[in-house]
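Work through the exercises below with the sequence and the structure side by side. Each task is followed by a solution in steps.

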Amino acid sequence: MPKFKEALERGKEARRQQEEYPRDEKAEHGAPLADFGAQARTWLNDVVVASLEAAKADVAGEITVDIDTAPRRQVKASTPSIRFQIYRKRGPEKKIRRTFTVSVQLSGGVSVSAPGIVAKDVGNIGDRSDERFRNLVAELIEDAARGTGI
């Protein structure tokens, strides 16, 4: 019997809290969750795509950087991602293409992964700095230039 009384009291308390907040404030409380996808996509465009485009321009003669900003199956995903490839343009040996995925987790953390490697943390969408991501891209370009892949 005490469990039911506790549940009844919790229900009454929840109703009182709902009545205390006007509808506009309730909408504001739910807004950050709805905006997460937009914030993540903005971070990916401002930091990741901009860094990849700069790298692409810098190494255009030797290394190719292909960017896929909208993977088909994740167009409306709540946790957006971007895929890119880095590989050598020239050379008698077979081109080694490795596809990397930049993913945003619900916590706001951003990581880069590829098949066969451990995901690497490159920051948080709250941090507008691109330094960590640029450093990782520089490492990937060096590996591609050496022909090691990672």
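Two strands count as paired if DSSP finds at least two bridges between them. The model used here is predicted.

**Exercise 1.** Find the bridge partner of Ser 103 in β4, and state in which sense β3 and β4 pair.

Solution. 
- Step 1. Ser 103 has Ser 111 as its bridge partner in β4.
- Step 2. The pairing of β3 and β4 is antiparallel, with four bridges.
- Step 3. Four residues lie between the strands of this hairpin, and Gly 108 has a positive phi near 100 degrees.

**Exercise 2.** Classify the two aromatic pairs of the structure.

Solution. 
- Step 1. The rings of Phe 84 and Phe 100 are 5.3 Å apart, centre to centre, with 25 degrees between their planes. Planes under 30 degrees apart count as stacked, and the pair of Phe 84 and Phe 100 is stacked.
- Step 2. Phe 84 is in strand β2 (residues 81-88) and Phe 100 is in strand β3 (residues 98-104), so this pair ties together parts 16 residues apart in sequence.
- Step 3. For Phe 84 and Phe 133 the centres are 6.3 Å apart and the planes make 80 degrees, an edge-to-face pair.
- Step 4. Phe 133 belongs to helix α3 (residues 131-146), and 49 residues separate Phe 84 from Phe 133.

**Exercise 3.** Are Phe 84 and Phe 133 buried or exposed?

Solution. 
- Step 1. The cut-off for buried is under 20% relative accessible area.
- Step 2. Phe 84 has 2% relative accessibility, so Phe 84 counts as buried.
- Step 3. Phe 133 has 1% and therefore also counts as buried.

**Exercise 4.** Name the residues that touch the most other members of the largest nonpolar core, and the element that gives the largest share.

Solution. 
- Step 1. The core has 30 residues; Val 48, Phe 84, Ile 86, Val 102, Val 112 and Phe 133 touch the most other members.
- Step 2. Elements giving two or more residues to this core include α2 (23-58) and β1 (63-68).
- Step 3. The largest share, nine residues, comes from α2.
- Step 4. In soluble globular proteins, nonpolar side chains tend to be buried together.

Terms used
Residues are numbered from 1 along each chain as its sequence is written. This is a predicted model: local features need pLDDT of at least 70, side-chain atom pairs count only at pLDDT 80 or more; totals for chains, interfaces and linings use all residues. Side-chain values use heavy atoms; hydrogens and water are left out. Rings of Phe, Tyr and Trp (its six-membered ring) pair if their centres lie within 6.5 Å; planes under 30 degrees apart count as stacked, over 60 as edge-to-face and the rest as tilted. Buried means under 20% relative accessible area, exposed over 50%, partly exposed in between (1.4 Å probe, protein chains only). A nonpolar core is a set of buried Ala, Val, Leu, Ile, Met, Phe, Trp, Tyr and Cys residues joined through side-chain atoms within 4.5 Å.
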